Amino acid sequence: MLKSTAWALGGFGAFLLCWWLFGLSVEAVRHIPFPMPKDVLMRVYLLFQGESIYDTSLFSHFMMSLKRWMIAYCIATFCGIVLGVLCGFFEKAYKVGLHVSTVLQMMPGLAWIPFAMILFGIGERATLFMIAMSAFPPIFIHTASALRSISPQTFLMAKMMNLSSRRLFFTIIMPSIALSLLTGLRLGLAIGWRVLIAAEMVVGSSVGLGYTIIQSRWSLDFEVAFISIGLICLVGIVAEKWVFGVLEQKVAKRVGNG
Amino acid sequence: MVELEAKSISKAYFLAHENRCIVAVQKLDFTLHVGEFVSIVGPSGCGKSTLLRLFAGFETPNSGSVFHRGDAVLSPHHSRSFIPQDSGLFAWLSIEENVMLPLHCSTLSYDQKREKALLCMEKTGIASFAKAYPRELSGGMKQRAALSRALAMESQLILMDEPFSALDEVSREVIDEAMQHFFSENRMSVVLVTHSIREALLLSDRVVIMQGLPGRISDVIIPRTPKEKRHKSAEIETLYKQIVERLKSHV
């Protein structure tokens, strides 16, 4: 424990050193001020003391982004799993669904802007639409493909044992697709987060981490942009390492692949 | 009384990549009586496993019919227990949960189901591994667990597809002995597909020799020596050589 803490602190120190050296180099070459670790950390302290960014606290910006992300992600997860299960069970629906979702997956998140604006105008719902549309394909594809890949013998064995549909779904099917589904959820979450920031920059309202980053272009308050980027990375690390990392380990162990 | 009857069944598969059909089983007739133990031997690819899957209702014949106790076999049913080569256990369920699985359709309470599953596991000698997961057990133990599940299903017909192919000779002999005792005690009808001629001769009332392709029965051997005396029987040695010679001519 002590050793890992020392490594983490050492790593953080090395990161700050690299950042500082990089900042010095940029200032020397470009002759413009670069947000240094000391200034950014001081700004973080002030923000925690109650200083606002564009009339809103850092906490509100952060929570607003999280809220948008979660709502849109839940919509994408629900649609992805329901349609994925449907297409996983029906051959023709799978063929159509796979083509459609492959096309959707190829769409860059920001390419949804015109559709979002036509359908919902500028604002909250357009942002949610963009996130949901981007997070949906990996969840859908992984659910449907995992279902298609279950051996037909599994279903025949279940029939032989006279299992009810409910038990078949929860005891046999769900564990069979759990790992693949988790990969889809993981990808969907990451893509959704990236698109959220981009969507907030373009069609979002005046609150959110993406908004603070895009606003720094005009206010030249790059310290705030750096803090927002730091928070974005932090959310990514938490989701990846502490949520999906742990979940994947547990599921893999449970379904016999760990 | 007839347990299982196949009347002129045929099964062909279309090989898309070769654009041709192969006939795995052709106009085959087969009868299994209640309490009988029949083994099917034959060269690889002669249609043994296909035949077993047809008996289990895991495949449907292109022509002909299979009857189990007078009823047409159209799909899998809990009255017929099929044990595939890989034992068919679900990796994420413990042995106890695997054995309990077919009991969930019954009206028993959870405790009664557990009790029954434990009893079935005791009969096959794996009760002490009830909480273990399939990945933690050896091949033989997994097959015992699959047998326990078959017992929990209360199937009178057991269909086993090369269940002990991954085991060494000694473990196989130990399990064979336990199996023989177990099946005769419970008066179960068994069809065993195996590559081991010796195993077939030691366990079976009849040994069916198949040849392919197309898969059909070429011979039926009936050992006369009682099962408990077969280990050192000269008849078994003679029959063994006879079957090997016949199989060689088919390869």
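**The domain interface of chain B**

Modeller: Between domain 1 of chain B and domain 2 of chain B, zero residue pairs are in polar contact, with both residues required to be at pLDDT 80 or more. A polar contact is a pair of N or O atoms within 3.5 Å; within protein, one must be able to donate a hydrogen and the other to accept it, and residues adjacent in sequence count only if both atoms are side-chain atoms. On the touching side of domain 1, two elements of chain B give two or more residues: β7 (157–161) and α5 (169–186). Helices (H or I, at least four residues) and strands (E, at least two) are DSSP runs, numbered from the N terminus. The largest share, seven residues, comes from α5(B). By class, this side of domain 1 has 12 nonpolar, three polar and no charged residues. Here Ala, Val, Leu, Ile, Met, Phe, Trp, Tyr, Cys and Pro count as nonpolar, Asp, Glu, Lys and Arg as charged, and the others, Gly among them, as polar.

Some ground rules. The model is predicted: local features need pLDDT of at least 70, side-chain atom pairs count only at pLDDT 80 or more, while totals for chains, interfaces and linings use all residues. Residues are numbered from 1 along each chain as its sequence is written, chains are lettered from A and ligands numbered from 1 in the order in which they are written, and side-chain values use heavy atoms, with hydrogens and water left out.

Now the two parts themselves. Domain 1 of chain B covers 2–79 + 156–250, and domain 2 covers 89–154. These bounds come from an automatic or database domain assignment. The C-alpha centres of the two domains lie 25 Å apart. In contact (heavy atoms within 4.5 Å) are 15 residues of domain 1 and 11 residues of domain 2. Together the domains bury about 1,000 Å², with 70% given by carbon and sulfur atoms. That figure is the accessible area (1.4 Å probe) that two parts lose on being put together, summed over both. B:His78, B:Ile175 and B:Phe182 supply 40% of the area that domain 1 buries here, more than any other three residues. Salt bridges between the domains: zero. The rule asks for a side-chain nitrogen of Lys or Arg within 4 Å of a carboxyl oxygen of Asp or Glu.

B:Ser81 sits in strand β6. B:Ser81 counts as buried because its relative accessible area is 2%; buried means under 20%, exposed over 50%, partly exposed in between (1.4 Å probe, protein chains only). Beyond its neighbours within four places in sequence, B:Ser81 has contacts that include B:Ala150, B:Met153, B:Leu157 and A:Met160. B:Glu154 lies in the loop between α4 (139–152) and β7. At 55% relative accessibility, B:Glu154 is exposed. Its C-alpha is 9.4 Å from that of B:Pro102, 52 residues away along the chain.

Last, the other chain. Chain B gives 25 residues to the contact and chain A gives 18. The area buried between the chains is about 2,000 Å², 65% of it from carbon and sulfur atoms. Salt bridges again number zero. Six residue pairs, both at pLDDT 80 or more, are in polar contact. Strand β6 (residues 80–83) gives the largest share of chain B's side, three residues. That side divides into 13 nonpolar, six polar and six charged residues.
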